[in-house]
Amino acid sequence: MAVKKVFVSGCYDLLHSGHVEFFKQASRFGDVYVGIGSDSTYLEYKHRKPMFPQEERLFMVKSIRYVKDAYINAGHGVMDFIPTLDIVKPDVFVVNAEGGSEEKRKLCADRGIEYIELQRTPHEGLQARSSSSLKEALGRNESAQTGYEGVPARLDIAGTWIDQPYVSVHHPGWAVTISLEPTFEIMDRCGLSTSTRKMIQKIWPVKLPKMDPEMLARLVFCFENNPERVGGHVSGAQDAIGICVPGLARHYYDNNFWPEKIENTVDEMTLRFLENHLALVLMEPRRLGCSVVEGRDITPEKVAGLANAAERCWDAIIRHDLDAFAESYADSFNAQVSMFPGMVTPTVNGILCPESSIQPYIDKYSSLPDVMAWKVSGAGGGGYLALVVRDIRFFRSSHPEAIELHIRRQ
């Protein structure tokens, strides 16, 4: 009698004894064929790159003696294995109980494949292992070694400057921000709330504590704006809120330093929409002695335009309307620059400094066909150019210097 074909699927990034035991148990039903999640699917589903690239994971899985053969899945999402399933044409599909689903059961029924769910059990004498517990342990170890790499950053999306009372006194409005996982090296003086990040690191060097995000933001804001500090400048509340409140947030300011209300969403499709269409390009750090507020021209009409653009921007993001998002994003930046031209061409030590202008960066990237809108991070004068693009992966294929963003979910 011919040996049955058994199919299993997974990512197998941190290969451990639990995976090997699962393959062993599956091999009781026949020859085991494995579908492995691709790097692109892993990034889409987990919102981070795998520790080991797909070729290396394929090599490791194929080297296990309980595995007959293995393939990189060509599909996408949680059912990325379907093309591999149709190549192997198995008699049996085996899953761990927690990986089972009615969708998989129905797929097998439609194709005449026996569907089996196994309980996760460790090999005799060994400790139970799971990828999530291993990653948790590695994360704790890495945080202990690096000190502060777990502290998020903030990217302002629209309404920048409305958190300063000398702006919102003319017209109330929303600031829109996202909280970013620190998946790339965050440069100082680059508009991602690095000064607020450093303040946070003085209190919580490894990561943010688990507590109500708004209360946490209030604590950070008060600590950063100690009334006894020298200088007197009050950092806008959107820095603390943008770091501490996960996902996409908006906060409403009306002639006060702290907003009247804060709203946020961690809706998965909304955050993926932003991640698919936002990119950062590093310019130059803001120069020492640089001022973006000299020469400001704030009027009620300009602030009303800023507030209107930020409200439209939030609505477009929630609706996943790319064209409306790009238009309102550009309108918000144009309103900012009309009030603070130093965001693009700042003064340095009180003197207008054309050579410090970031206009050449704007000219370069705004002319690209895949770029729909642009702004500078934070108060400008340097830092990152934050682009709205048609598709981040396609854009990075021709512009590898562009940084893909990962928004903090919790």
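Start by selecting Gly37, in the loop between β2 (31-36) and α2 (39-46); helices (H or I, at least four residues) and strands (E, at least two) are DSSP runs, numbered from the N terminus. This is a predicted model, where local features need pLDDT of at least 70, side-chain atom pairs count only at pLDDT 80 or more, and totals for chains, interfaces and linings use all residues. Residues are numbered from 1 along each chain as its sequence is written, and side-chain values use heavy atoms, leaving out hydrogens and water.

Gly37 has 3% relative accessibility and counts as buried (under 20% relative accessible area; exposed is over 50%, partly exposed in between; 1.4 Å probe, protein chains only). Now show its contacts (heavy atoms within 4.5 Å): leaving aside neighbours within four places in sequence, Gly37 touches Gly10, Cys11, Arg57, Asn73 and Asp80.

Next, select the open sheet of four strands, ordered β6-β7-β8-β9 with antiparallel pairing (two strands pair if DSSP finds at least two bridges between them). Its edge strands, β6 (153-158) and β9 (261-265), each pair on one side only. Five bridges join β6 to β7 (residues 173-180). Within these strands, find Arg154, which stands opposite Ser179 in β7. Then show helix α12 (residues 300-319), which packs on the sheet and touches β6, β7, β8 (248-253) and β9.

Finish at Leu219, located in helix α9 (residues 213-224). Leu219 has a relative accessible area of 40%, so this residue is partly exposed.

Methods
Axes fitted to C-alpha atoms, helices over the stretch in contact; angles between N-to-C directions.
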